[in-house]
Amino acid sequence: MNDLNKKLILSFLIVFFLGTVALFTLREATESKIQNLNVLSSVPSFELVNFNEKIFTDNNLLDKITILSFVFTSCPDACPIMSENFSILQERFKDSDLIQFVSITVDPDYDSNDILKTFSEKYSNGNNWYFLRGDKNYISTLSEKGFFLSALNLPAGHSTSFVLIDKQKNIRKYYKGTDDAAIMELQNDIVFLINEKT
Amino acid sequence: MKLRLFYNSAVIATILSYLLIFIGGLVRVSGAGMGCPSWPKCGEGWIPPTNVDINQINTTLAWIEFTNRMFGVILGISIIILNVIAIFYFRKNHNLLFYSILSLIFVIINGLLGGALVWFELNPYIKTAHMLFALILVSILSYICIKSYKMLNSNLFKGLTSNLVLLKSLIFLWILIVIEILLGTGLRTNIELIVIENPLFSKSDQLDALPYYKYMHSIVGFALLFFSIYVNYSLRNHSLLLAKQIGYFITGMVVLQIFLGEMMIFFDLPQLTRLFHTWGSSWLVGVIIILYNCIKNE
């Protein structure tokens, strides 16, 4: 075998080796993204009221991919950013009837149905975003025990996390609702859940 | 002896930089760019966590990104060694010394650009700059390699007559390949931006939404093929076997790249194809520099 042929064979082997390593790495990366979305727990049963006075229960989460958050309308810092992010996601997924958004007020004493309606008109561009209210203690318990999100000193002490819930009412993952990178991750995970075979 | 040492360390640095471009491509293709959410540290520590995360860090992605950084450091060290040899032995050869220092500057800049990518959460312009600086770095290193190779084997290159038209076409070919890579990176960035705004788009929707210059990428690709065949034709009677071999390599690589590019459009195996599409084109950049200096009469 001459020198050139040896070099050619060696280069092919190196490229083949790199390709194999890359294929393995890519598979691991995909696998890790799926594992990050494993079922964490199931959504508890609950009953709240939408601002149009229609009852909304955990059964409304069935067969939908839901993004849920706890907010209040007079909140100065985090909530406007969180709601703006909901708005952006709602716009980007407007062509899918699988997606819905749920905002639960942690200040039901102040957030009357009228105020929630005005808030909704400010941020929502569709009818797949529910603004729910109920008894303050009930909501506090739902947040802490049902969704494992801190709810000390409501309304100010509410969590700024978004919860991703799949079509079987399973909690899949939490995201920082005010962080752009987390919102991008949430967006990719929503696409994954849309394509997920059930 | 000293020259051989310098040549060997230049070859090692060049191979490492191509390997680094491959790993960088792997980071982009696997979506591990933000695997380490901070820079230069990876999350809380200098090394990513090995067990399952507490702070929602995906450890697999963190290790992919961390490997990229580690190879960057190794490449940096190899270029520092190259510079030490150059400073000790080639202080009077301003050419080799100058380009060695230049490669050190570029590797440092590109390391910082990698950090900026994390700080600015994968800003598409910084991504392109990171790629462009890597291409310039392999060009400089390839230049150092062929220059010192020529000094080592000066008898091989004696009595060559320069073909000016051929040299000019090689410069043109190099500019064309860099433009082609930037067009390709631009297209990829555009697809990423389209996907952000329209997460529900299918692949054909994404391609439809691309601006008109998607055709430019194909047109320039075929122009590259045409010119590389022309280069081979001009080299047909060349006395240097090495030059002819490099000529064949260039044409073969261009054909392979066109093939991989078409595969990405018509078949659904995007990740690995994308990786080799990017990596193969980066080889062309350095190899054209080598061919140019190979047939140039000093």
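**Sheet in chain A, helices and domains in chain B**

In chain A, helix 2 (residues 78-92) lies across strand 4, strand 5 (99-105), strand 6 and strand 7, running at about 165° to strand 4. Angles here run from 0 to 180 degrees between N-to-C directions, with axes being lines fitted to C-alpha atoms, for helices over the stretch in contact. Helices (H or I, at least four residues) and strands (E, at least two) are DSSP runs, numbered from the N terminus.

This is a predicted model, where local features need pLDDT of at least 70, side-chain atom pairs count only at pLDDT 80 or more, and totals for chains, interfaces and linings use all residues. Residues are numbered from 1 along each chain as its sequence is written, chains are lettered from A and ligands numbered from 1 in the order in which they are written, and side-chain values use heavy atoms, with hydrogens and water left out.

**The sheet of chain A**
- Chain A has an open sheet of 8 strands in the order 1-8-7-4-5-6-2-3, with mixed pairing (two strands pair if DSSP finds at least two bridges between them).
- Its edges are strand 1 (41-42) and strand 3 of chain A, each pairing on one side only.
- Helix 5 (residues 180-195) of chain A also lies across strands, namely strand 4, strand 5, strand 7 and strand 8 (170-176), at about 160° to strand 8.

**Strand pairs in chain A**
- Strand 2 (residues 47-50) and strand 3 (residues 55-57) of chain A are antiparallel over 3 bridges, and Leu48(A) has Phe56(A) as its bridge partner.
- That hairpin has 4 residues between the strands, and Glu53(A) takes a positive phi near 70° there.
- Strand 2 of chain A also pairs with strand 6 (residues 129-133), antiparallel over 2 bridges; here Asn50(A) stands opposite Leu132(A).
- Strand 4 (residues 65-71) and strand 7 (residues 161-165) of chain A share 3 antiparallel bridges, with Ile67(A) partnered by Leu164(A).

**Two helices in chain B**
- Helix 1 (residues 2-30) and helix 4 (residues 124-152) of chain B pack at about 155°, their axes 9 Å apart.
- Helix 1 and helix 4 of chain B are therefore roughly antiparallel (the label for angles over 145 degrees).

**Domains of chain B**
- Chain B splits into domain 1 (1-152) and domain 2 (158-298), with bounds from an automatic or database domain assignment.
- The C-alpha centres of domain 1 and domain 2 of chain B are 22 Å apart.
- In chain B, 22 residues of domain 1 are in contact with 27 residues of domain 2 (contact means heavy atoms within 4.5 Å).

Conventions. Parallel < 35°, antiparallel > 145°, perpendicular 65-115°, else oblique.
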